[in-house]
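Welcome! Please open the structure in your viewer and get your selection tool ready.

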Amino acid sequence: MSEFQSLRGFHDLLGEEFKRFKYVSELVRGKLKLYNFEEIVLPVVEYLEVFRRSIGEATDIVQKEMFAFQDRKGRWLALRPEGTAGAVRAYIQNRLYALKPYTKLFYEGPMFRYERPQAGRYRQFHQIGAEVFGSIDPLVDAEIIQIVYEILSELNAKVIIEINSIGCKVCRPPYKEALSTYLRTVAGHLCEVCIDRSDRNPLRVLDCKVPTCKEAVKEAPKMVDFLCNECREHYSKLKEYLTLLSIPYRENPHLVRGLDYYTKTVFEAVSEELDVALIAGGRYDYLVEEMGGPPTPAVGFAVGVERLSLLVREGLTEDPLYMLIPFGDVMDYALLVAKALRSEGKRVELSYKRAGLKKQLELANRLGAKYAVLVGEEERAGNFYTLKDMETGHQLKIELSPAM
Ligand code: HAM
């Protein structure tokens, strides 16, 4: 075994896994095109501050999971752990707000988080994310969740979309107070981390996975009962739209998400089989302003491409493979036949293996060829090729088009 190995949590995407990955990527991109999102390519590295400011100082991502480093000039940089922060930075820096009343962007690429690797969780993984800047309308939240639902439906995924509203600047502070007060009464049942969070970041206690904490927060006050008029109306309109669109959802009053920028709507599509979030997102109405842009409400989501790939089961169909098998000294002719078939749009593998017909046919089988295209002296002399169906063994002589 070579001494060179990829890093833990960094994986090669190849073979069947790559095909599933590509399938998901194309499915999501196709959907986003139907909704008229415009693609942008964002840098993988940003100033650390871009992430700290947006995702939040007290979050796990910023505190424990960043690939942060100093460059040669001593500046603190980081590999992006997600795409929203960079998209917001780009939206402001390129003054996109000045071009249109609202802007719909999507991006695809690798993200990096120093998490403990396990099934479906990597340190380098890929997201496709979409963001809508410039509208406060719950219609946009509904369309975002509609895209998520349509993606999941096409994958026949056993997934539930959970939604919640986590309020705004007006209604969240009194809720936080009430929650902190409640958490003090159950402090004896909370884990160390949650005790620590009870005052600073009490919302995060709601989604702690430790069983005693889960039990202790069951009776905790709910954000939905504290929503101000604007947030309550926004949330109920969203639910109306989802019902109108026949999108099944479950309200989860404990859904809070691990990033600090959210306001109002948050949602996650959770796989029942895998018990992980496959797609997640929500609204972030203050982030653009907090990062130096004009006040701009926004909402978006991101798909974990590897995670969603885990749901692709049925065999992926590919164009049939034509394996071109030259036998004898007919390489020139074989090159021309391959060229002719490819110009007809056929997927052709010209065999590089110099061996007898039997060995070549074995190789064609191994590569999953549907047809073998046999070319020998006789074919060259007659300007044709012999097409052999690999399954039935049936053979056919086919003339090359005169243009060749
Ligand atoms: P997030 O929930 O942190 O949200 O990540 C979104 C998705 O990325 C997750 O649901 C999951 O599928 C995938 N993911 C996250 N971490 C990993 C990992 N370590 N390995 C594999 N997949 C992973 C965000 O990133 C927000 N930026 C989403 C958003 C966009 N909100 C508004 N706009």
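Here is a short tour, one selection at a time.

Keep in mind that you are looking at a predicted model.

**Stop 1: the domains.** Domain 1 covers 15–169 together with 227–309, domain 2 runs over 172–217, and domain 3 takes in 321–399.

**Stop 2: where domain 1 meets domain 2.** Show these two domains on their own. Their centres, taken over C-alpha atoms, lie 25 Å apart. How many residues of each domain are in contact with the other? Domain 1 brings 14 residues and domain 2 brings ten. About 970 Å² is buried between domain 1 and domain 2, and carbon and sulfur atoms give 43% of that area.

**Stop 3: the salt bridge.** Now select R197 and D60 and show their side chains. The two side chains form a salt bridge, at 3.3 Å from N to O. Between domain 1 and domain 2 the count is one salt bridge, alongside seven residue pairs in polar contact. On the side of domain 1 that touches domain 2, you will find six nonpolar, four polar and four charged residues.

**Stop 4: H126.** Next, select H126, which sits in strand β6, residues 124–133. Is H126 buried or exposed? H126 counts as buried because its relative accessibility is 15%, and the cut-off for buried is under 20%. Show the side chain of E306 as well: the side chain of H126 makes a polar contact with it at 2.8 Å.

Definitions and conventions
Residues are numbered from 1 along each chain as its sequence is written. This is a predicted model: local features need pLDDT of at least 70, side-chain atom pairs count only at pLDDT 80 or more; totals for chains, interfaces and linings use all residues. Side-chain values use heavy atoms; hydrogens and water are left out. Domain bounds come from an automatic or database domain assignment. Contact means heavy atoms within 4.5 Å. Buried area is the accessible area (1.4 Å probe) that two parts lose on being put together, summed over both. A salt bridge is a side-chain nitrogen of Lys or Arg within 4 Å of a carboxyl oxygen of Asp or Glu. A polar contact is a pair of N or O atoms within 3.5 Å; within protein, one must be able to donate a hydrogen and the other to accept it, and residues adjacent in sequence count only if both atoms are side-chain atoms. Ala, Val, Leu, Ile, Met, Phe, Trp, Tyr, Cys and Pro count as nonpolar, Asp, Glu, Lys and Arg as charged, and the others, Gly among them, as polar. Helices (H or I, at least four residues) and strands (E, at least two) are DSSP runs, numbered from the N terminus. Buried means under 20% relative accessible area, exposed over 50%, partly exposed in between (1.4 Å probe, protein chains only).
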